[in-house]
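Here are my notes on the model, for whenever you have a minute. I go through the domains and then the ligand site.

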Amino acid sequence: MTLRTIRLILFITLIPEVLILGFFVYARIQSPPKAGRMIANALGIPHPAVIAHRGASYLAPEETRAAYLIARDLGADYLEGDVQRTKDGILVLLHDDTLERTSNVAEVFPGRQKDTIDRFTYAELLKLDLGSWFNSANPDRANDRFKGLKIQTVEDLLAIAEGGNHRPGVYLETKSPERYPGVEKDLVDLLTKRGWIGRDRVCADTPALIDESVIRPVRVGCGKAAVIFQSFSAESVQVLKNIAATVPRVYLVDEEMGARDGWPALVEKARSLDAGMGPVGYLSYPWHTGPAHRAGRLVHSYTINKKWQLWLMNQFGSDGVFTDRSEMALAHFDRVPPLDTKKLIAESVF
Ligand code: G3P
Ligand code: CA
């Protein structure tokens, strides 16, 4: 093989490495990894924030007591939930428009599986099993104790957040708010009544069962960012800004909104709402996070469930992640030593 051929092979093999290195240098210039830290610190929000998306929803049925207890005891910063309202005005946590995917509604209320939550009373919803579907969908993580889990109200979630050694915050999305007129006021009134907003939260000290030399206890639920509101609806975020200006807000952005409006317009919308941004992962590249930070916007990306995605989001300047995998994210960010999640689930009382 001639020297010329060797040089050509070396040159060709070096091109990908140089391009990758160049990309990450560009990323750091376009979006300095810690640019959002100052914004987060000013708001009292941990950085990077680990947001338990629908609770620990990889390990347990989403938005159930089990998912939230596990997320809390893992040490997630926030317990995330989707707020909808029953026919009789109870604020409950459910992601989908209907109960079909995550309950036995077709069995208990035949013919009503396509009905939205506002068509059910809370007493009717309590007749449903919101846990068994998880066992069928995830045989490797099935647990008999998930059977019969009930729908959670926002008040149930607050009690969970208040009841452990960690004190997580709550990250509440007004889901399909157009279906629930006045839901923002209902939510603010409830949180105010329960002392979660409207005055500085002071938590009664928790039992010192956390070995603080091993695990940094979560205390964000005792501070000015104990609650974060979020919504895909700019109108809903605007109402929340009007009635609860001191509560941090996040304007959620999906791919469809990105394609329709363009990132600069979405950043401007978030700025006008005095809100952070909650983009889907594909809208969390440096050319997204950089301009958002320069406009003073926090960036929490969703839904980040793989180690390489966590690493990349951090490299690209994301200030926190909505994740089904709190246990993985907390270990990735060196927040907790690797936890025995099976033991934690076995010890949880749900
Ligand atoms: O709320 C953040 C993230 O959950 C938004 O997407 O559909 O999971 O509510 P979704
Ligand atoms: Ca959500």
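1. Let me start with the interface. About 620 Å² is buried between domain 1 and domain 2, with carbon and sulfur atoms giving 64% of that area. On the domain 1 side, F23, F24 and Q30 supply 68% of what this domain buries against domain 2, more than any other three residues. Keep in mind that this is a predicted model.

2. Where do the domain bounds fall? The assignment puts domain 1 at 1-30 and domain 2 at 34-347. Taken over C-alpha atoms, the two centres are 42 Å apart.

3. Now the contacts themselves. Six residues of domain 1 touch nine residues of domain 2. Salt bridges between domain 1 and domain 2 come to zero. Polar contact does turn up across this interface, in two residue pairs, both at pLDDT 80 or more. As for the make-up of the domain 1 side that touches domain 2, four of its residues are nonpolar, one is polar and one is charged.

4. On to the ligand. Which residues surround ligand 1? The shell consists of H53, R54, E80, D82, H95, E173, K175, Q230, F232, L252, Y302 and F322. By class, these shell residues split into five charged, four nonpolar and three polar.

5. With E80, a polar side-chain atom is 2.8 Å from an oxygen of ligand 1. As for cover, ligand 1 has 280 Å² of accessible area on its own, and the protein covers 91% of it.

Notes
Residues numbered from 1 in each chain as written. Chains lettered and ligands numbered in written order. Predicted model: local features only at pLDDT ≥ 70, side-chain atom pairs only at ≥ 80, totals over all residues. Heavy atoms only, no water. Domains from an automatic or database assignment. Contact = heavy atoms within 4.5 Å. Buried area = accessible area lost by both parts, 1.4 Å probe. Salt bridge = Lys/Arg side-chain N within 4 Å of Asp/Glu carboxyl O. Polar contact = N/O pair within 3.5 Å; in protein donor to acceptor, adjacent residues only side chain to side chain. Nonpolar A, V, L, I, M, F, W, Y, C, P; charged D, E, K, R; others polar. Near = heavy atom within 4 Å. Areas by Shrake-Rupley, 256 points an atom, 1.4 Å probe, with all protein chains shown as cover.
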